[in-house]
Amino acid sequence: MPITIVVLFVLALSPIQWLGWTGWFSAQARVIISPIAHPMTIAIDTVIPPPIADPQATDRERTIRNELERVRTSLLVTQAENDRLNILIDQFTRGAQITPNLNVRQVHRPRISSLSGDMLVVRTGDIPGLAQGTVVVADAVQLLGKVSRVDKRTSIVQLITAKSAQRILATVLLDDEGARQVPCLLAPVGDGTLIGEIPRAIDDQSDEFSIESQPYGGLVGRPVRLLDNQWPAHAQMLMIGTIERVERNDAQPLRQKIIVRPTIPDLRRVPEVIFRLPADSSSSDQATSTRGNP
Amino acid sequence: MNWFVFAIVAWIAFGLELAFLPILDAGSGGVHPSMIIPLMSFVVLYAPHKQALWAAIVLGIMMDLLSPLPMASGGSAILVGPHALGYLLSAHFILAIRGALIRRNPLTLVIISIAASLIAQIVLIALLSLRNTGIAGVSPLVWDGSEELFARSFSSVYTGLSALILSVGFFALAPAFGFHSSVPTRFARTIK
């Protein structure tokens, strides 16, 4: 009995790639159970029939309706694909225009799921050049995060808003031309926002702090962009988000806190992401880079 | 204990478990009653100590083999151990208190099944959450411990209903199981 318990513990915590052989035993277990489960399922379905749409319709009406739905579905799929490709072309065009002097390859892939800890699982397949640290964006310019792990089929992307993510050096654009900028160090809060501090302006040294009279004027809504040497050159000036609110900083009265929220409200739920790869990593993936199928 | 009768009853119970899963699923939220936990509780209530523990392990391993877990990569994994260890701990719990129970009362089986299910699910959630932290290797499972705890707690309560219904059959079949244990009881004569 103690040996059995130890073995079960080891098996329960073993890496999944070591447990491929359990599939065979699982199949045998299903073989054993199926002869009783299947008749029971049939019996239950007979007693409690599964709900069907429009039970009054004849078989011919159902056939015609099914055919109509099939054609309609096909049409809608084509329309959706058309819309998606139009958006993708627009995003690629805008993304390439960000850094025209840097040759960056953009590869878009669908998100599979989200994991706890603000991680995205993306079905990447075998993309040449994709490695840990690859920059990931959405909507062409919204910085999503970095690739934290790559395997043969999927990649895990750590979002910039993940609580475990590293701090980011950013710059707040105080005017539309970008002539006036304030640097700040943004730290993820864990609720989808980032918090940072910027100095109060020299000409606003009144004793009473008030957000209404804050020095930079209308900080709320100002864009915040990446300007961090720890990130690749082609990622600089990507959008981190906009300032959602400004708070007073009791610990440091000469500085004020800004709370930044990405332009996409929930980064965990983006349907697709775009990997920004150095173009020299491979030139053979151009065909697959726009297809979206790994 | 007659292991042949146990195997047949377990086979039928697994059939019921799989067949009734879509029917009794409460809102498709993963809340559904277990047919195996009441069987395990019933056997552990009556069987000798060692046989009761082995029966729990066997049922747990079968449950593990029939419960693939979704992986983040889109596939699924068969993990042997979480259910088995959970059932084993539940069996230990029942063995520890069975001397103080009125075993022929169906409500005893109901309460014991709920408690055993809760213990088993907590062990399972703890093990899977532990391995999903990343210390056990790559390919994490799609697993949210808090959501699972919520759903599986309600499933445990729901299991009380299946235990109440199944208790009729189990008590009728009790002689066929051939239990021969001498468990000291607190409030009654020792059962031989």
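This is a predicted model: local features need pLDDT of at least 70, side-chain atom pairs count only at pLDDT 80 or more; totals for chains, interfaces and linings use all residues.
Residues are numbered from 1 along each chain as its sequence is written, chains are lettered from A, and side-chain values use heavy atoms, without hydrogens and water.

Trainee: How many residues of chain B are in contact with chain A?
Mentor: Contact means heavy atoms within 4.5 Å. Chain A brings 35 residues. Chain B brings 37.

Trainee: Which three residues of chain A supply 19% of the area that chain A buries against chain B?
Mentor: Buried area is the accessible area (1.4 Å probe) that two parts lose on being put together, summed over both. Between chain A and chain B it is about 3,200 Å², with 77% from carbon and sulfur atoms. More than any other three residues, the suppliers on chain A are A:Met1, A:Leu8 and A:Ile16.

Trainee: How many salt bridges does the rule find across the interface of chain A and chain B?
Mentor: The rule wants a side-chain nitrogen of Lys or Arg within 4 Å of a carboxyl oxygen of Asp or Glu. Across this interface the count is zero.

Trainee: In helix α2 of chain B, how many residues are buried?
Mentor: Helices are DSSP runs (H or I, at least four residues), numbered from the N terminus. Buried means under 20% relative accessible area (1.4 Å probe, protein chains only). The buried residues of α2(B) include B:Pro38, B:Phe42 and B:Tyr46. Helix α2 of chain B spans residues 36-46, and its buried count is eleven of eleven.

Definitions and conventions
Buried means under 20% relative accessible area, exposed over 50%, partly exposed in between (1.4 Å probe, protein chains only). Helices (H or I, at least four residues) and strands (E, at least two) are DSSP runs, numbered from the N terminus.
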